[in-house]
Amino acid sequence: MKQKKHRVKMGISDRIYYAIAVLIVAFVVVITIYPLYFVCVASVSDPTLVLNGKVLFLPKGIQLQGYQRIFQYKNIWSSYLNTVIYTVVGTGLNVVMTMTAAFVLSRRRFYGKQLIMLMIVFTMYFGGGMIPTYLNIRNLHLLDSFWAMILPGAVSAYNLIIARSFMQSSIPHEMQEAAIIDGASYIQFYLKIVLPLSTPVVGVLTLYYAVGHWNSYMDALLYLSSREKYPLQMILREILIQNQFSTADLASMNDTEAMMSAENMKQLLKYGLIVVSSLPMIILYPFLQKFFVKGVMIGSLKD
Amino acid sequence: MTMRRITRKKNSLNGVTIRKVMYQMKADYQLYLLILPIVAYFIIFKYFPIYGLKIAFLDYDPALGFEKSIWVGFDNFMEFFTGPYFELTLKNTLVLSFYSLLASMPIPILFALVLNSFRDSKGRKAIQTITYAPHFISTIVIVGMLQLFLSPSSGIINRLVVWGGGKAINFLGEPSMFRHVYVWSGIWQNLGWDSVIYLAALSSVNPELHEAAQLDGANRIQRMRYIDLPGILPTIVILLILHFGSIMSVGFEKVYLLQNTTNSQTSEIIATYTYKQGIQRAQYGYSAAVGMFNSVVNLFLLTVVNKISKKVTEVSLW
């Protein structure tokens, strides 16, 4: 009797639950998407209308002057190129170092393995901090050099652990024994068998590291002083956060765009710049999403 | 006589093990060759700076250099502890951290639980993909967007506030607003991404438990509470420990970008203070001491929380 009553109630409570759940998820999706969508719309709309709050959902007074200006803005493109170079070279080195370390440290036994692991894991929890690290880079004469953007973050202990757990769990030890009996050396075994079998984790690492390089500004802020070496994020910082525009680029802008005030132009440039700088990652990640998620899962398997 | 024999035996045993180790190491020489650059990297870029922490105990004089500067013990630390910035930066760091932790831990868990209750896996994937998007945007762009959206005169948020009958708020200039802006923009950026790990954990919850519970008449919320939540508890605990362990290392990058002269009363944290003293004013010894205080407290908290967790829940990092 009691049971029956309960069951009738249950149907309703589940229906209410799902109604609320749909509302919650819809709310989250809208909150996430709308700011991004608004930036895109504002970047092609008349900035006066945007400033007056007339643009909310659809672009109004469509124009592409913002993007035209961005394409002519030299500082942006030279730094864009720098970022591409830092990202490609940096990620390449990251992946090679991390995979090699993971290979060696996932071997079943060799003398010193425990010690090396301890030495690496310790750095996850304690470090010299900003100032001694900066002074170290200075002592190594790396300040304001290309390598200051590449070497300090060459291996991430966290990613190393992800790659190592992957190799431990998915490449059986018997394979190594068989390869060694067949006369392969460790390096041959690594290059010809382990690496080809590890493509998923190579994908994860490439993406983690590449996003990191693309978005980072900390190393540049600390170690670089000459503008021609600046990555994109440093130029973005000047424009978006400090509201500083290259005077040469802005001056030529005012001559030709007399119809648009400098303030409006700045605003328009900012919206366009957000789109141009974030686009590569935003376009790429849905395709690579499965790798990212896999990475998180391998990482959580460790425990 | 017997004694001698025993010692000789011991020696020869040691000799054998040493020879065995040497033989093994020789056979494995390629492994050592491969790991050499990585070990070198960690020594040069991670352990040199740890040795460099010595500067925190020196009255560093660039003319004398690192080795010859005068050793002053804990003077730099005392200068910080007794100075006007100790209380301010410590309080700001802790408040910002705890606020951030308390607000940004439960929300992704709830979101994952709710999303996981939907049967349609394609829809679930699509929603996940959408909510990840902000995670891939750089801190600089996020702060740039905040400046545009929160502008008192033209920002879209303030338009909403004014439209609702309120008075425009200077979010980025108001010291009382800084923490909310920091924490909630962080939640906006990482809600989807942070829920991935919980969704992964939820996918390994045994579906038979749900079927059995359904037969027993449990509704969705009850099943969430008594099956899903316990299922992901170890994951939650691990992440909680990790968050606690980094309670003192609030991201320098975003705080520094959001900081300005008007909101520094709440936005000056230990990391930004270290940067200003060290990099901008070249007070190396003093700022290294400030930074070291931060890391030591961090390590201490992590160890304590890990110990507590080991006792209470049997989940721990090491």
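**Close-up views of a predicted model**

**View 1. A nonpolar surface patch on chain A.** Leu81(A), Val84(A), Ile85(A), Val88(A), Val89(A) and Trp147(A) together make a nonpolar surface patch of about 510 Å² in this predicted model. Of these residues, Val89(A) belongs to helix α4 of chain A, which covers residues 74-105. Val89(A) has a relative accessible area of 34% and is therefore partly exposed.

**View 2. The second largest pocket, with lining residues from chains A and B.** Two or more lining residues come from each of α1 (2-43), α2 (47-51) and α14 (262-301) of chain A, and from each of α6 (106-116), α8 (139-150), α9 (156-163) and α10 (175-202) of chain B. The greatest contribution is that of α1(A), with 12 residues. By residue class, the lining of the second largest pocket consists of 40 nonpolar, 9 polar and 1 charged.

**View 3. The largest cavity, lined by residues of chains A and B.** The structure contains 1 cavity of 30 Å³ or more, and the space in the largest cavity amounts to about 30 Å³. In chain A, α10 (199-215) and α14 each provide at least two of the lining residues; α14(A) has the largest share, 3 residues. The lining of the largest cavity is made up of 5 nonpolar and 5 polar residues, with no charged residue.

Conventions
Residues are numbered from 1 along each chain as its sequence is written. Chains are lettered from A and ligands numbered from 1 in the order in which they are written. This is a predicted model: local features need pLDDT of at least 70, side-chain atom pairs count only at pLDDT 80 or more; totals for chains, interfaces and linings use all residues. Side-chain values use heavy atoms; hydrogens and water are left out. Patches are made of residues with over 30% relative accessible area and no salt bridge: like charges are joined within 9 Å, nonpolar side chains (Val, Leu, Ile, Met, Phe, Trp, Tyr) within 5 Å. Accessible areas come from the Shrake-Rupley method with a 1.4 Å probe; for residues, only the protein chains shown count as cover. A salt bridge is a side-chain nitrogen of Lys or Arg within 4 Å of a carboxyl oxygen of Asp or Glu. Helices (H or I, at least four residues) and strands (E, at least two) are DSSP runs, numbered from the N terminus. Buried means under 20% relative accessible area, exposed over 50%, partly exposed in between (1.4 Å probe, protein chains only). On a 1 Å grid over the protein atoms alone, a cavity is a set of points where a 1.4 Å probe fits but cannot get out, and a pocket is an open set with protein on both sides within 12 Å along at least five of seven lines; lining residues have an atom within 4 Å of a point. Ala, Val, Leu, Ile, Met, Phe, Trp, Tyr, Cys and Pro count as nonpolar, Asp, Glu, Lys and Arg as charged, and the others, Gly among them, as polar. Grid points are joined across faces, edges and corners, and a volume is the space filled by probe spheres set on the points.
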